[in-house]
Amino acid sequence: MAERIGIYPGTFDPITLGHADIIRRGSKLVDKLIIGVTTNPSKNPMFSNEERFAMVKREIAGMGLDNVEVVGFNALLVKFAQKMGANVLIRGLRAVADFEYEYQMAGMNQQLDDDIETVFLMADVSLQPIASRLVKEIALFGGDIAPFVSPEVCGDVIVRVEENGRLGDY
């Protein structure tokens with residue numbers, strides 16, 4: 001039987017406990033899981049590509065998963081998957097709104113390469129509301145993001161907010 005290589009792609013800006021949950025669970029479904037740290041041109045990142053890559057690598061090292069590797073990429077996901085020899089794309093879902101977008105992406109990816117399967121994993125119920133975009137927004141307005149990210153990532157975000165300045169009156 002061929003080795004099952006999966007890719008869990010994302011911008012991870014920043015990596016959240018929800019991402020970590022999907023990584024832990026996704027790593028059980030494949031022989032090798034590649035965390036693909038990429039750039040999304042439609043998003044305004046808080047961290048550079050290099051910073052996000054290092055952050056994800058640090059978080060993965062702390063998880064003790066021996067079949068997970070972190071790779072940066074800036075290409076069409078299907079092309080990256082082909083280059084890595086992957087046959088599975090792992091996508092996390094939080095809510096119905098995620099499903100509609102992910103369903104469309106899975107269909108397009110299937111049109112590009114029908115040998116690569118997309119597997120959807122629902123985030124743990126306690127982690128479903130967490131989104132990187134919301135974590136950044138809460139931090140920018142001085143809110144507590146500790147329940148949503150690891151202590152190390154929390155520190156990274158706080159430092160970045162202090163460098164760039166908080167928003168709001170309070």
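Asp21 and Arg25 form a salt bridge in which the closest N and O atoms are 2.9 Å apart; a salt bridge is here a side-chain nitrogen of Lys or Arg within 4 Å of a carboxyl oxygen of Asp or Glu. The structure is a predicted model, in which local features need pLDDT of at least 70 and side-chain atom pairs count only at pLDDT 80 or more, while totals for chains, interfaces and linings use all residues. Residues are numbered from 1 along each chain as its sequence is written, and side-chain values use heavy atoms, with hydrogens and water left out. By the salt-bridge rule the count comes to nine. The fold includes an open sheet of five strands with parallel pairing.

**Salt bridges**

- Both Asp21 and Arg25 belong to helix H1 (residues 17–27), where they are four residues apart, about one turn of the helix. Helices (H or I, at least four residues) and strands (E, at least two) are DSSP runs, numbered from the N terminus.
- Asp21 counts as buried because its relative accessibility is 10%, whereas Arg25, at 29%, counts as partly exposed. Buried means under 20% relative accessible area, exposed means over 50%, and partly exposed lies in between (1.4 Å probe, protein chains only).
- A salt bridge of 2.7 Å, N to O, joins the side chains of Asp156 and Arg58. Asp156 lies in helix H6 (residues 151–164) and Arg58 in helix H2, so this pair ties together parts that are 98 residues apart in sequence.
- Asp156 counts as partly exposed at 24% relative accessibility, and Arg58 counts as partly exposed at 34%.
- Arg91 forms a salt bridge with Glu102, with the closest N and O atoms 2.7 Å apart. This pair links distant parts of the chain, since Arg91 is in strand S4 and Glu102 is in helix H4 (residues 96–112), eleven residues apart.
- Arg91 and Glu102 are both buried.

- Two strands pair if DSSP finds at least two bridges between them.
- Strand S3 (68–72) and strand S5 (117–122) are the edge strands, each pairing on one side only.
- Neighbouring strands of this sheet are turned by 30 degrees against each other on average, direction ignored.
- Strand S1 (residues 5–10) runs parallel to strand S2 (residues 32–37), and six bridges join them. Tyr8 has Ile35 in S2 as its bridge partner.
- S1 pairs with S4 in the parallel sense over two bridges, and the bridge partner of Ile7 in S4 is Leu89.
- S4 and S5 run parallel and are joined by six bridges, with Leu89 standing opposite Thr118 in S5.
- The chain passes from S4 through H4 to S5 in a right-handed β-α-β crossover. A crossover is right-handed if, with the strands pointing away from the viewer, the path from the first strand over the helix to the second runs clockwise.

**Burial of strand S1**

- Six of the six residues of S1 are buried, so this strand is largely enclosed by the rest of the structure.
- Ile5, Ile7 and Pro9 point one way from S1, while Gly6, Tyr8 and Gly10 point the other way. In a regular strand the side chains alternate between the two faces of the sheet.
- The chain crosses from S1 through H1 to S2, and this β-α-β crossover is right-handed.

**Helix packing**

- Helix H3 (residues 77–84) lies across S1, S2, S3 and strand S4 (88–93), running at about 145 degrees to S1. Axes are lines fitted to C-alpha atoms, for helices over the stretch in contact, and angles run from 0 to 180 degrees between N-to-C directions.

- Val88 is found in strand S4 and, at 13% relative accessibility, counts as buried.
- Neighbours within four places in sequence aside, Val88 is in contact with residues including Ile5, Ile7, Val30 and Val119. Contact means heavy atoms within 4.5 Å.
- The C-alpha atoms of Val88 and Val30 are 8.2 Å apart, and the two residues are 58 residues apart in sequence.
- His19, in helix H1, counts as buried at 16% relative accessibility.
- Leaving aside neighbours within four places in sequence, His19 is in contact with Tyr8, Phe12, Pro14 and Ser132.
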